[in-house]
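Q: Can you walk me through this model? I'd like to begin with the aromatic rings.

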Amino acid sequence: MTTANNNKLAASSVHADDELQNAIAAATERAAEVYSNGRKTLVDQIPIKEWLEWDATDDLAIVADSDGLEDDDGCLDVAA
Amino acid sequence: MSISQLAYYYALRTIARTEVADSINERVRKYGGTNHSGGLTLCSINKEAIDFARKEWPKYYGDKTHNGFEYSWETLYRKFTARPSFFDLAIWQQVNGERVLQGLALGKPSNGKTHLTLNWIERSFAPTYLRGGALLPILACAEEYAKLLGCHRVLIKDAVDPQKYERYGYTSFKLPKVTGSYLYKEISNDHGQQQ
């Protein structure tokens, strides 16, 4: 088939665009960019000696926003 | 709120959790640590997690530990999901053949995505509680998600025991004209900001 015929076919055919697939592809692309130099999570940063002795049995691990359900400063951009 | 926005941020949260799960697995494979971090599943908050928190966690509430929040996790979750870029995490652990919910967390990025704030965290106080602590996977996932969003720092608002966050690199600071106490940590991000 010639190029001209291909173009005619493309112009007259129906294309499906998948928003979900596009969004996931964009997220995957972003991750590839962020991790292009390798991964270093909080876990990776714990010194080996500390990891071997890791004990968090007394971590209270409770966070309770004093603004409750109100919209708060969490949406504001601030310089820490 | 478009389906593509929901899918984009859902995928980023999934990627953040996967990176943290991989890093824990790598540590455990190389150096051990199943006693404090083994058998974990990091996932989104769902109905199963909300039901578990409502039915099981209150059995172990008490004055010496924690007496629950003013709001149910169902209410909090519904509130946060109004922003497609919200942060959520449910930590499950396989304990003696049973699936136990060890921790829940909710947060949200600022409008310009300069920072991600953790607003709500709760962990199980059952005898089967996570010995390695819920904070490590929660903070690790929040930091990875923040990097993916292009944020410069992670904030924790109104932590009950702020000193415990120091070993994870968090420091107290006060926002001018704002109530509440904050902890923050700068995160390395040289990859620009998205959406």
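A: First the rule: rings of Phe, Tyr and Trp (its six-membered ring) pair if their centres lie within 6.5 Å; planes under 30 degrees apart count as stacked, over 60 as edge-to-face and the rest as tilted. By this rule the count is 10 aromatic pairs over all chains. One of them joins B:Tyr8 and B:Tyr9, an edge-to-face pair with 5.2 Å centre to centre and 75° between the planes.

Q: What should I know about the model and the numbering?
A: This is a predicted model, where local features need pLDDT of at least 70 and side-chain atom pairs count only at pLDDT 80 or more, while totals for chains, interfaces and linings use all residues. Residues are numbered from 1 along each chain as its sequence is written, chains are lettered from A and ligands numbered from 1 in the order in which they are written, and side-chain values use heavy atoms, with hydrogens and water left out.

Q: How are the rings of B:Phe69 and B:Trp120 arranged?
A: Their centres lie 5.1 Å apart and their planes meet at 65°, so this pair is edge-to-face. B:Phe69 sits in the loop between helix H3 (47-55) and helix H4 (73-80) of chain B, and B:Trp120 in strand S4 of chain B, so the pair ties together parts 51 residues apart in sequence. B:Phe69 and B:Trp120 are both buried. Ring pairs also link B:Phe69, B:Tyr71, B:Trp73 and B:Trp120 into a cluster.

Q: How are helices and strands assigned?
A: They are DSSP runs, numbered from the N terminus: helices (H or I) have at least four residues, strands (E) at least two.

Q: Which residues of H3(B) are buried?
A: B:Ala49, B:Ile50, B:Asp51, B:Phe52 and B:Ala53. Their cover includes H4, S2 and strand S3 (98-109) of chain B.

Q: Now S5(B). How many of its residues are buried?
A: Five of five, in a strand that spans residues 153-157 of chain B. B:Arg153, B:Leu155 and B:Lys157 point one way, and B:Val154 and B:Ile156 the other. In a regular strand, side chains alternate between the two faces of the sheet.

Q: Which strands pair with S5(B)?
A: Strand S4 (residues 115-123) of chain B pairs with S5(B) in the parallel sense, over four bridges. Strand S7 (residues 182-186) of chain B pairs with S5(B) in the antiparallel sense, over five bridges. Pairing here requires at least two DSSP bridges between the strands.

Q: What are the residue partners?
A: B:Thr117 stands opposite B:Leu155 in S5(B). In S7(B), B:Glu186 is the bridge partner of B:Arg153.

Q: What about the nonpolar core?
A: A nonpolar core is a set of buried Ala, Val, Leu, Ile, Met, Phe, Trp, Tyr and Cys residues joined through side-chain atoms within 4.5 Å. The largest has 53 residues, and those with the most contacts inside it are B:Phe87, B:Leu118, B:Leu139, B:Ile156, B:Tyr165 and B:Tyr168.

Q: Which elements give two or more residues to this core?
A: From chain A, helix H2 (19-34) and helix H3 (42-45); from chain B, helix H1 (3-31), strand S2 (87-95), S4, H5 and S5. H5(B) gives the most, with 11 residues. A second, separate core of 23 residues includes B:Ala53, B:Trp57, B:Leu104 and B:Trp120.

Q: What does B:Leu118 contact?
A: Leaving aside neighbours within four places in sequence, its contacts include A:Val63, B:Phe87, B:Leu139 and B:Ile156. Contact means heavy atoms within 4.5 Å.

Q: Where is B:Asp158?
A: In the loop between S5 and S6 of chain B. B:Asp158 is buried, at 11% relative accessible area. Beyond neighbours within four places in sequence, B:Asp158 is in contact with A:Ile62, A:Val63, A:Ala64, A:Asp65, A:Ser66, B:Gly180 and B:Ser181.

Q: And chain A, what is its secondary structure?
A: Four helices and one strand, in the order α-α-α-α-β along the sequence. Buried residues make up 31% of its 80 residues.

Terms used: Buried means under 20% relative accessible area, exposed over 50%, partly exposed in between (1.4 Å probe, protein chains only).
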